[in-house]
Amino acid sequence: MNSPLESTVLFQIGPVPITQAIVTTWAIMTILVIGAFALTRRLDLRPTRRQAALELMVATLDTQITETTGVAPAPYRGFIGTLFLFILVANWSSLVPGVEPPTAQLETDAALAVLVFLSVIWFGIRARGVGGWLKSFATPNPVMIPLNILQSLTRVFSMFVRLFGNVMSGVFVIGIVASLAGLLVPIPLMALDLLIGLVQAYIFAVLSMVFITSTVKVAAHNPPSTDLAPSPTKKDS
Amino acid sequence: MTLDWWGLGLQAINVLILVWLLSRVFWRPVAGAITRRQEAAQAMLDEGKTAQAKADAALAEVTEARAGIAAERDAMLAEAKAAADTVAKAVRKDAQTEADTLLAAARKAIDRDRTTARKENAAKATELSVEIAARLLGQFNTPAVRAAFLAQLVEAIAGMSDSERTALIASGDIEIVTATDPEGAERAEIEQAVKDALGGAPRFRLVTDPDLIAGLELRSAHFVLHNSWRADLENILKEVENAG
């Protein structure tokens, strides 16, 4: 068994090493996109059971966003929902024999954390403007600027470390137990790993949502002078 | 432990692409379907409210029309009742008039019949009385009565003018009518008394007529001298009838 801290390079494209996590990510992307396309091909006013399940999923996500942040869910639905789906499928991909979940690799989790970090900046600037976003670091007073900057870095760092630690440890423990106690003993641990994968996906998505909308909620109380804030009545079409 | 920056960047790009793709093929279509259904439901609710409003308006209109029909029906019923009352009054009045007329006619007829019956009864009673009197008087045809009638006849002849007596004698056969056939002496006495009363030479003969009851009468072709109970009773009968 390879060290979970090391990436297995499958091939090189120029200077870019293509690791197993990247290939697995591509596979997951393909499955998700094709599956989503196939499931949403024939949406009608009279929903089938499949469409009702999809709508229930989207409605639950919207409710979760609204109840957690108090803002309209449409601008954040795609990013937060995709993060949750990707992390969930990536975590559960460990059930497929021979597949190591991409989220068990440091680069994938770091990339997700970087995206959350950038999305916080992006949504913050969209909602409050550049000046408003910069001023948010001075709340409640300018003395807090260094601490707020440090907080914005450490919170995403903690996110990716939490995700990486949980998934990697699950894979590692299952691998060790499987190598020591045969095939049936790791099954309870794999079931636990499923639960951990679900919980970690949920935590990552919820934290991302909280981080992103924390700046937007401040913007809602102090509207910016610029017209960059998303309209609350804007429809998601 | 090293961090593969290429891998980090590539994974970040992968996730970004996945976010974009899923937004295009999953999140937006499903959210759009939900929105479309909500809009359709809202439209159906609006249509339902509009239809409800139309139905309420139609119901109010029907209710108003029904109230109008009821009022019109009541008015027509009242009018018909008034007309029926008028006709009934007229019919009752006509019937009353006709009944009064019939009653008056009936009363007149009754009075007339009663008068007629009373007259008839009176006539019958008179006739019956005359009959009774004739039968009773028939029993009193005695010689004294006959002598009294003879005296009355003689007196009546004496009361006649000379010209009447002369004309009576000239008329020829004179009948001396008696109720009973007189015996020889009585016959002679009657003939002699009449002859003396008339004077001259009259020709006469005695005729018996029981209808006279009692009495003596002179009869010729153009002359009758009544002198009998029969004549008296007939006079009385005529007087009674004329009085009734």
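Tutor: Happy to! Keep in mind that this is a predicted model. Let's pick B:A179 and start with its place along the chain. In chain B, β1 covers 173-178 and α4 covers 184-198, and B:A179 belongs to the loop that joins them.

Is this residue buried or exposed? Count the C-beta atoms around B:A179: there are 24 neighbours inside 10 Å. A residue is called buried when 20 or more other C-beta atoms lie within 10 Å of its own, so B:A179 counts as buried.

Now, which residues does B:A179 touch, once those up to four places away in sequence are left out? One of them is B:N141, and another is B:S228. The list also holds B:D209 and B:P210, together with B:L212, B:I213, B:A214 and B:G215. You can look at B:E217 as well: 38 residues separate it from B:A179 along the chain, and their C-alpha atoms are 9.4 Å apart.

Let's step back to the wider setting. Chain B meets chain A in a contact that uses 31 residues of chain B and 39 residues of chain A. On the chain B side, 21 of these residues are nonpolar, 6 are polar and 4 are charged.

Chain A has 237 residues, of which 36% are buried. Among its contacts with a separation of 6 or more, 69% link residues 24 or more positions apart.

Key. Residues numbered from 1 in each chain as written. Chains lettered and ligands numbered in written order. Predicted model: local features only at pLDDT ≥ 70, side-chain atom pairs only at ≥ 80, totals over all residues. Contact = placed C-beta atoms within 7 Å. Nonpolar A, V, L, I, M, F, W, Y, C, P; charged D, E, K, R; others polar. Buried ≥ 20, exposed ≤ 12 C-beta atoms within 10 Å, placed from the backbone. Helix = DSSP H or I, 4+ residues; strand = E, 2+ residues; numbered from the N terminus.
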